[in-house]
Amino acid sequence: MLANHTLGSKSFTAVAINTASKAGEWIQSKLGDYNSLHTKSAMNDLVTEVDKGAETMIRNLIQTHFPKHGILGEESVEPGPDASRQALAKLSGAEYLWIVDPLDGTTNFVHGFPFFAVSIALAYKGEVIVGVVYNPVHNELFVAEKGKGAYVRGRRLRVSAEAKLSDSLVATGFPPDKDHAAVNMRGLQALSGKVRNIRVNGSAALHMAYVAAGRLSGFWEVGLNPWDIAAGSLLISESGGMVTDPLGQPYNLNVRNVVASNGLIHQQFIDELKAAEAAE
Ligand code: IPD
Ligand code: CA
Ligand code: CA
């Protein structure tokens, strides 16, 4: 059982929603109007002052309500998988840990491609209990609470009903980290022809929200970070779907390679990835 779910007068979920909304509105106001574009771990790993400003805003809002909670935010971690693992390990003692991607889909934001989101999760003793993914362009705020379901605009989310890969619309992504390019390409090749079609839209968090909403049957990607998937994982499990690593082990905060689905296609999805040596 969760300990006290409310501190002061604001619930965790209310703070997550309020924070994601404020950051998302500000990000949208900066669309086409950012000033500095830099690269991080690779020439295709982008960051702008909007990513950093949004993270500062989110940290300040969370800390105002919950000064004792830990916060893992992408822009406060050195680039690259090792630094990301270390940052998570360092914060693993925090009873309450907020996991924040202030702008998931920076490349899209930079190009004006309207598919990006703010992703905020709260974990209690390592288990995600609140997940919010906010797409300011469509004004869609996806919210999940452990054991209480997932919603968008007051409507309960349900995963899709496709039971066969051949009827499924799935999505994937290409992380900037070149080490995973080959494995992701093998997955892409193995699944094209087996599924109805594949989408690559550039925001892992929104792809996962779309699985929760039944708009996608599944999503997989190798080489992600905790902030890309923590909120989405709860959205999907609270919508009746399944989130594992590509070997079928249940999701936890250390998972970086993810397979998410409506549950019905999960085993077939994993089997295809394994057969293609696209599962790590
Ligand atoms: C990226 C997006 C993208 C995924 C990459 C992520 P960012 O996050 O989620 O869809 O393919 O692996 O790094 O850098 O835009 O926050
Ligand atoms: Ca991200
Ligand atoms: Ca980001």
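User: Which strand is Leu 103 found in?

Analyst: In this predicted model, Leu 103 is found in strand S6, residues 96-104.

User: Buried or exposed?

Analyst: Leu 103 is buried, because its relative accessible area is 1%, and the cut-off for buried is under 20%.

User: What does Leu 103 touch, leaving aside residues up to four places away in sequence?

Analyst: Leu 103 touches Ile 27, Val 50, Asp 51, Phe 109, Phe 116 and Ala 117. As for Val 50, this residue and Leu 103 are 53 residues apart in sequence, and their C-alpha atoms are 8.2 Å apart in space.

User: Two Phe residues are in that list. How are the rings of Phe 109 and Phe 116 arranged?

Analyst: The count of aromatic pairs comes to nine. Phe 109 and Phe 116 form one that is edge-to-face, with 5.6 Å from centre to centre and 90° between the planes. The label edge-to-face applies because planes over 60 degrees apart are counted that way.

User: And are Phe 109 and Phe 116 buried or exposed?

Analyst: Phe 109 is buried, at a relative accessible area of 1%. Phe 116 is buried as well, with a value of 1%.

User: Which residues do ring pairs link into a cluster?

Analyst: The cluster consists of Phe 12, Phe 66, Tyr 96, Trp 98 and Tyr 124, linked by ring pairs.

User: What lies over the face of Tyr 210?

Analyst: Arg 215 does, at 4.7 Å from the ring centre.

User: Turning to helices, how do H6 and H7 pack?

Analyst: Helix H6 (residues 204-212) and helix H7 (residues 226-237) pack at an angle of about 5°, and their axes are 8 Å apart. H6 is therefore roughly parallel to H7, since angles under 35 degrees are classed in that way.

User: Which residues meet there?

Analyst: From H6, Ala 204, Ala 205, Met 208, Ala 209, Val 211 and Ala 212 take part. In H7 they meet Asp 228, Ile 229, Gly 232, Ser 233, Leu 235 and Ile 236.

User: At what angle do the axes of H5 and H8 cross?

Analyst: The axes of H5 (residues 181-191) and H8 (residues 266-275) cross at roughly 120° and come within 9 Å. The two helices are therefore oblique to each other. The contact is made by Gly 187, Ala 190 and Leu 191 of H5, together with Phe 269, Glu 272 and Leu 273 of H8.

User: Is that crossing left-handed or right-handed?

Analyst: H5 passes H8 in a right-handed crossing.

User: Where is Ser 21, and what does it touch?

Analyst: Ser 21 is in helix H1, residues 12-29. Ser 21 counts as buried because its relative accessible area is 17%. Not counting residues up to four places away in sequence, Ser 21 touches Tyr 134 and Leu 141.

User: Now the backbone. What is phi of Lys 125?

Analyst: Phi of Lys 125 is near 50°, a positive value in a residue other than glycine. Most residues other than glycine have a negative phi. Lys 125 is found in the loop between strand S7 (117-124) and strand S8 (127-135), and counts as exposed at 59% relative accessibility.

User: What about phi of Arg 153?

Analyst: Arg 153, although not a glycine, has a positive phi of about 45°. Arg 153 is found in the loop between strand S10 (149-152) and strand S11 (155-156). Arg 153 is exposed, with a relative accessible area of 59%.

Notes. Residues numbered from 1 in each chain as written. Chains lettered and ligands numbered in written order. Predicted model: local features only at pLDDT ≥ 70, side-chain atom pairs only at ≥ 80, totals over all residues. Heavy atoms only, no water. Phe/Tyr/Trp six-rings, centres within 6.5 Å; stacked < 30°, edge-to-face > 60°. Buried < 20%, exposed > 50% of the residue type's maximum accessible area, 1.4 Å probe, protein only. Lys NZ or Arg CZ within 6 Å of the ring centre and 35° of its normal. Axes fitted to C-alpha atoms, helices over the stretch in contact; angles between N-to-C directions. Helix = DSSP H or I, 4+ residues; strand = E, 2+ residues; numbered from the N terminus. Parallel < 35°, antiparallel > 145°, perpendicular 65-115°, else oblique. Left-handed = near helix turned anticlockwise from the far one by under 90°. Contact = heavy atoms within 4.5 Å.
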